[in-house]
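I opened this notebook to record what I looked up in the structure. The entries follow the order in which I consulted it.

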Amino acid sequence: MTLSGKRILLIISGGIAAYKSLDLIRRLRERGAEVRPVMTAGAQQFVTSLAVGALSASHVYTELFSREDEQDVGHIRLARECDLVVVAPATADLMAKMANGHADDLASTILLATDRTVLVAPAMNPKMWTHPATRRNRATLAADGIRFVGPASGEMAESGEAGEGRMAEPLEIVAAIEDLLTGAKPLGAKPLAGRKAIVTSGPTHEPIDPVRYIANRSSGKQGHAIAAALARLGADVTLVSGPVTIPDPAGVRVVRVERAEEMRDAVVAALPADVAVMVAAVADWRVASAAGNKIKKRPGEAPPPLQLAENPDILKTIGHHASRPKLVIGFAAETENVAENGRAKLERKGADYILANDVSPATGIMGGDSNRVKLIGRDGKEEWPEMAKDEVADKLAALIAAKLLP
Ligand code: CTP
């Protein structure tokens, strides 16, 4: 009895796959587990609480505001008095609620209140599963430490449509539960574990002579936050940073450079990678021939002219590189026509996404702690509200995790 004495809180949400949760209950009990079922209103349209109660030999919890249930165990105890919370089937709607922290019925309230590991077995139409909204929710949930089993590919029961979205078979769910509860696999695996990321950050300094340089106002805050967010999701991150005064983010390899050409070399040396996020405000020009010695003022002479040469475009180099990462993401610092200029940069530089922001002085973005970006992709754009640079980083890391999901 592999699950002897284990207490499983099974949340059944409303999908045709709910009939399989009856079999799941039987399989879990055969292995010695105690199953406490919770059903959403939708689930009760597909299977009866009578069947669920009979198979689980337990009271079936359905109401958030039931006086008897609250007196019996109460939703907070329900959420915590178990070894594992399993959601099978998990509908697109319940996943969306979980990702956004809703608590408007018993199931979603338990999912918000629990401090236990949660295993989700999604079941939905393939179009719903691959919809960008569901992909974002999956990534958010994965980043929150929620574990997944399935879905599998196959034909849908209702529509006959084929694709990914069919709930994992009960025995696969049992195997995932055994893995989690018997410690066969480490808990809290990260969605970007085993993935390599390269991030550039900060300004570059282009020397005029040994003591003077051309620079810009980039603080490195956004790039460093992105490197940290990717590392938190388990990625192996190389951060190539220009001169900044902020501390190194935790858990990333930092390569410090000064000039754009050094930054390009460090980025190319860090290839191959799964994702590259170019956040650095690379100087577009360098001084064509920096003086070896300090340029002296000469009384009566005109100031020295600065002859500029174009720097390599690092994002463009990576976007068109033979070992191009699967995902290449850039920023576009603009002061006008933000979306149009951002899209033009996406095309020109061979990026998959551009996060375009308005860096006019009035916005306070350069050097500030918050950012307001437009995410421009090949198939559309999305405006993100103003948020802290750390939050932009987390949202971008979640998007990257979703795009790199196997
Ligand atoms: N970038 C880069 N190398 C450069 C210039 C820019 O890798 N030499 C990257 C930046 O890190 C950013 C993106 O390209 O991800 C766009 O940077 P931005 O300064 O907005 O664009 P530029 O190419 O410099 O275009 P312009 O100055 O004309 O707006």
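Which residue in strand 5 is the bridge partner of Leu 119? I found that the partner is Arg 147.

I note the basis of these entries: the model is predicted, local features need pLDDT of at least 70, side-chain atom pairs count only at pLDDT 80 or more, and totals for chains, interfaces and linings use all residues. Residues are numbered from 1 along each chain as its sequence is written, and side-chain values use heavy atoms, with hydrogens and water left out.

**Entry: strand 4 and its partners**

I looked up strand 4, residues 118–122. Helices (H or I, at least four residues) and strands (E, at least two) are DSSP runs, numbered from the N terminus. Strand 4 runs parallel to strand 5 (residues 147–148), joined by 2 bridges; two strands pair if DSSP finds at least two bridges between them. Strand 3 (residues 84–90) also pairs with strand 4 in the parallel sense, over 4 bridges, and there Val 86 stands opposite Leu 119.

I then checked burial (buried is under 20% relative accessible area, exposed over 50%, partly exposed in between, with a 1.4 Å probe and protein chains only). Because 5 of the 5 residues of strand 4 are buried, this strand is largely enclosed by the rest of the structure. Val 118, Val 120 and Pro 122 lie buried on one side, and Leu 119 and Ala 121 lie buried on the other.

**Entry: strands 1 and 2**

I found strand 1 (residues 7–12) paired with strand 2 (residues 34–39) in the parallel sense, over 6 bridges. Leu 10 has Pro 37 of strand 2 as its bridge partner.

In soluble globular proteins, nonpolar side chains tend to be buried together.
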